[in-house]
Amino acid sequence: MITRELDRNQHSVYLLNYHLVMVVKYRRKVINDEISEYLKHCFVVVGQAYGINLQEWNHDQDHVHVLFRATPHTEMAKFLNAYKSSSSRMVKKQFPEIKQYLWKSAFWTQSYCLISTGGAPLEVLKRYIESQGRK
């Protein structure tokens with residue numbers, strides 16, 4: 001469920017949403033509904049240790065789209081590395097037939113697309129900031 005309520009910790013309030021796209025190595029078309037659900041489960045499990053809260057998940061045959069929330073303390077690069085390596089290892093163990101489509105040990109490409117998503121369009125935020133201090 002996607003919500004716009006602010007998250008809180010002891011000293012701050014925040015709303016940190018991200019859109020992540022991860023692609024299968026060599027763009028191999030190996031993701032079906034069952035594998036996608038397994039990858040989603042891995043994302044939730046690994047994400048718990050990093051303050052990640054899954055909001056939305058969907059897939060195509062060669063990539064996944066993920067919408068998630070994080071905390072200000074989340075080390076995004078460490079989380080993504082942990083998720084990609086553990087899910088790669090686990091998905092090949094759970095679905096050994098995938099190995100025939102991949103030449104080496106990696107399931108995911110090294111690269112990914114990570115976009116922060118805000119609650120308001122950038123132009124609205126710019127106008128708001130520019131108007132500060134004016135009566």
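Colour the chain by secondary structure: along the sequence the order is β-β-β-α-β-β-α-β-α, that is, three helices and six strands. Helices here are DSSP runs of H or I with at least four residues, and strands are runs of E with at least two, numbered from the N terminus.

The model is predicted, so local features need pLDDT of at least 70 and side-chain atom pairs count only at pLDDT 80 or more, while totals for chains, interfaces and linings use all residues. Residues are numbered from 1 along each chain as its sequence is written, and side-chain values use heavy atoms, with hydrogens and water left out.

Zoom out to the whole C-alpha trace, which spans about 65 × 30 × 25 Å along its principal axes. Of the 135 residues, 33% are buried (under 20% relative accessible area; exposed is over 50%, partly exposed in between; 1.4 Å probe, protein chains only).

Next, select D62. This residue is buried, at 7% relative accessible area. R27 lies in the loop between β3 (16–24) and α1 (33–48), and D62 in the loop between β4 (53–59) and β5 (63–70), 35 residues apart. R27 is partly exposed, at 47%.

K29 is exposed, with 57% relative accessible area. Shared partners join R27, K29 and D62 into one network.

Last, select E75 and K78, another salt-bridged pair, at 3.4 Å, N to O. E75 is partly exposed, at 45%. The count of salt bridges comes to four.

Key
A salt bridge is a side-chain nitrogen of Lys or Arg within 4 Å of a carboxyl oxygen of Asp or Glu.
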